[in-house]
Amino acid sequence: MVLKRVRPMVAAVLAMASAGVVSSATGASAASADFEYEVTRKAVAYVDIPGTDMVFTAAAGEKSYLWSRNLTVANVTPLGSGDNVGTTAAVRCGYSHGGALPAEAEAGSYWAANQVPPGEASLSPALRWVFIAPTAGTFTCRLSVVSYSSIIQNGRTVTMKVPAGAELDRAVYANAARWTLPSASATVIARGTTQTTLGYTYVPTGGDNITLVQDAALTTCVPNSAICEGGSTAYDGTKAETWIEAQPQNADGTKCGDPISGPVAKWSISSAKHHRTATNAFHLTRSQLRGCTHIRATLKVKNTDGNPVNLHAGHASGQIAATHGLGFTY
């Protein structure tokens, strides 16, 4: 049986503020116990993290902001230099009776990175996404994970663990929105260049505080990569910066004042690290818009040094979003 709780307002505000958001209405899955699973040679299939299921009813088109809390993945089997393990964590939703969502419906989003021992003993995936109910019904959303590595061969096994405490949280905002970078917009960003991407016009209503999230799936182009070209042995991976830019607009799409930039995040993606999700959040107040009614949100990805970096787009298997964004007002 899945447990579901509604927290008191004060506790909810504090918990969500620690995740960068605030709301007075929230529900959470029961926190997970310790959960162990095996690394596979390839990323074959997700395993669901027991205890993170959340069951809720929603009207057609209702939007639920979902985010992970206390989610960590660590190795149980000792790992040494070169034993790099890739992990993809995802929030995934479907009908509670087990049926899949319509084929065209986005079913979740993912976060991915390599764990590089001995310097890294764990990873802390950060998942943020908006579920839009395709029909009226009862739905189940949960946290899932898969870990994979080429070291899984010749009988070698590696066990990973999600420590106790992982959970999935949910909040409902009347004006929440989400957007996903379409597959046609995937691109390779060269050293010394900045890509403006993940554009979406968001209309804040219903409150004075605005949150924008833009999360980008990035892979460094190592030499002879099957994913992207241009990698050179002269560099060990890529160094990048990402930030959200909010351009106030009028209702007709014309600019309304100067753009507002969010905090800059710095990322080092070594050849061993290979890939990681660059997470970005920007919190504004309505007063910063100076009377403008719309926001054109974009993500800036700057390759500051090293090899080219590939910006993933579209959906992974199961309609799970790669580079994606969301916004809500409260």
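Me: Which residue meets Arg 286 in a salt bridge?
Reply: Asp 208; in this predicted model the two side chains meet at 4.0 Å, N to O.

Me: Where do Arg 286 and Asp 208 sit in the chain?
Reply: Arg 286 is in the loop between strand S23 (281-285) and strand S24 (294-306). Asp 208 is in the loop between strand S17 (194-202) and strand S18 (209-220), and the two are 78 residues apart.

Me: And Asp 208, buried or exposed?
Reply: Exposed, because its relative accessibility is 51% and the cut-off is over 50%. Arg 286 has 28% and counts as partly exposed.

Me: How many salt bridges does the count come to?
Reply: Twelve. One of them joins the side chains of Arg 69 and Glu 167, at 2.9 Å from N to O. Arg 69 lies in strand S6 and Glu 167 in strand S14, so this pair ties together parts 98 residues apart in sequence. Both Arg 69 and Glu 167 are buried.

Me: What does Arg 178 form a salt bridge with?
Reply: Glu 106, with the closest N and O atoms 3.2 Å apart. Arg 178 is in strand S15, whereas Glu 106 is in the loop between strand S8 and strand S9. Glu 106 is buried, with a relative accessible area of 7%.

Me: Changing topic: which side chains make polar contacts with Thr 329?
Reply: Asn 175 at 2.9 Å and Tyr 202 at 2.8 Å. Thr 329 belongs to strand S28 and is in contact with several other residues, including Asp 208 and Arg 286.

Me: Why does Thr 329 count as buried?
Reply: Because its relative accessible area is 4%, and buried means under 20%.

Terms used. Residues are numbered from 1 along each chain as its sequence is written. This is a predicted model: local features need pLDDT of at least 70, side-chain atom pairs count only at pLDDT 80 or more; totals for chains, interfaces and linings use all residues. Side-chain values use heavy atoms; hydrogens and water are left out. Helices (H or I, at least four residues) and strands (E, at least two) are DSSP runs, numbered from the N terminus. Buried means under 20% relative accessible area, exposed over 50%, partly exposed in between (1.4 Å probe, protein chains only). A polar contact is a pair of N or O atoms within 3.5 Å; within protein, one must be able to donate a hydrogen and the other to accept it, and residues adjacent in sequence count only if both atoms are side-chain atoms. Contact means heavy atoms within 4.5 Å. Lists of a residue's contacts leave out its neighbours within four places in sequence.
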